[in-house]
Amino acid sequence: MKSRPRRAAAGDKDPAASMALLREVMDPPLDPGYASSADRRERAGQPRSTGGRTVLLVVTSVLLGFLLSVAAQTLRTPDPADAATRAELTERIETADALGDEHATQIETLRGEITNLQDRLATPVVDQAELDEAALAAGATAVVGEGVVLTLNDPPPSADRTDDERVLSRDLQTIVNGLWAHGAEAIAINDQRLTSTSTIRFAGQAIVVDLKALARPYEVVIIGDREELMDEMRSGSTGSYLTELRSDYGILVDLSPQDEVTLPAASRLSTRVAHVPEQTRASENDQ
């Protein structure tokens with residue numbers, strides 16, 4: 001019995017046969033056209049390759065080098081139009097820089113002026129002489145000068161003494177007003193400085209000056225021309241009133257001219273309706 005030829009199994013193939021395609025890819029590729037041309041040149045007795053020393057290749061290389069040299073030279077040569085544009089731009093940049101520096105200087109100057117104005121606004125400029133004069137007129141400062149001291153006191157107590165036989169607030173009001181009208185520059189009663197807003201009132205049995213009760217005797221200190229004040233209190237209208245107080249009500253009156261007397265500053269300075277005009281504030285701020 002003849003046995004059937006056994007079919008080769010797939011695992012019996014040569015493994016190298018399956019690597020042919022891979023070798024074709026990995027081997028140095030050579031186009032079949034180039035290979036055929038090289039074979040024909042070889043069969044004709046010529047070298048398989050023309051090499052890199054053909055005349056055409058040399059001429060082409062020289063020509064390319066020349067063109068590259070010309071291009072480089074052209075690029076390196078400055079363009080007159082570009083140079084003029086560059087110069088113009090440079091000039092404009094320098095002009096802008098100079099203008100910027102000028103504006104920066106102006107800004108610093110204006111900033112300094114603003115600081116000075118703010119400082120002046122925070123600290124208003126006040127003339128010291130005017131301030132002293134205003135303080136003197138308002139009674140805000142102590143004053144010294146020649147003057148007269150007028151002392152008024154109630155008569156000694158007696159059984160037949162009436163309520164009118166004592167110093168009243170209207171007596172001090174009349175005397176003070178008379179003295180203001182005849183040369184008095186500053187007046188104080190029992191060290192209570194009188195100002196343009198001072199009040200002399202009766203509160204119960206006490207005389208009150210600027211809400212401060214005074215006790216007897218009442219010492220009225222006046223600064224002014226001593227002779228003029230003495231004449232007023234001796235022979236003027238104030239003197240007539242003092243004579244009436246002395247003779248009709250028994251009020252004790254004493255006059256004493258002084259070379260120098262000192263009056264304190266007023267203890268109560270205030271305004272009720274007066275204020276600085278806005279126009280004056282604006283003028284001071286503009287200075």
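Q: What makes L229, M230, E232 and M233 in helix α7 count as buried?
A: Buried means under 20% relative accessible area, exposed over 50% and partly exposed in between (1.4 Å probe, protein chains only). In α7, residues 226–235, those four are buried. This is a predicted model, where local features need pLDDT of at least 70 and side-chain atom pairs count only at pLDDT 80 or more, while totals for chains, interfaces and linings use all residues. Residues are numbered from 1 along each chain as its sequence is written, and side-chain values use heavy atoms, with hydrogens and water left out.

Q: Why are the buried residues of α7 said to line one face?
A: Looking down the axis of α7, they fall within an arc of 160 degrees, so they line one face of the helix. The arc is that of the directions from the helix axis to the C-beta atoms. On the face turned away from the buried side sit the exposed E227, R234 and S235.

Q: What do the buried residues of α7 pack against?
A: Contact means heavy atoms within 4.5 Å, and their partners include α6 (169–181), β7 (218–224) and α8 (237–248).

Conventions:
Helices (H or I, at least four residues) and strands (E, at least two) are DSSP runs, numbered from the N terminus.
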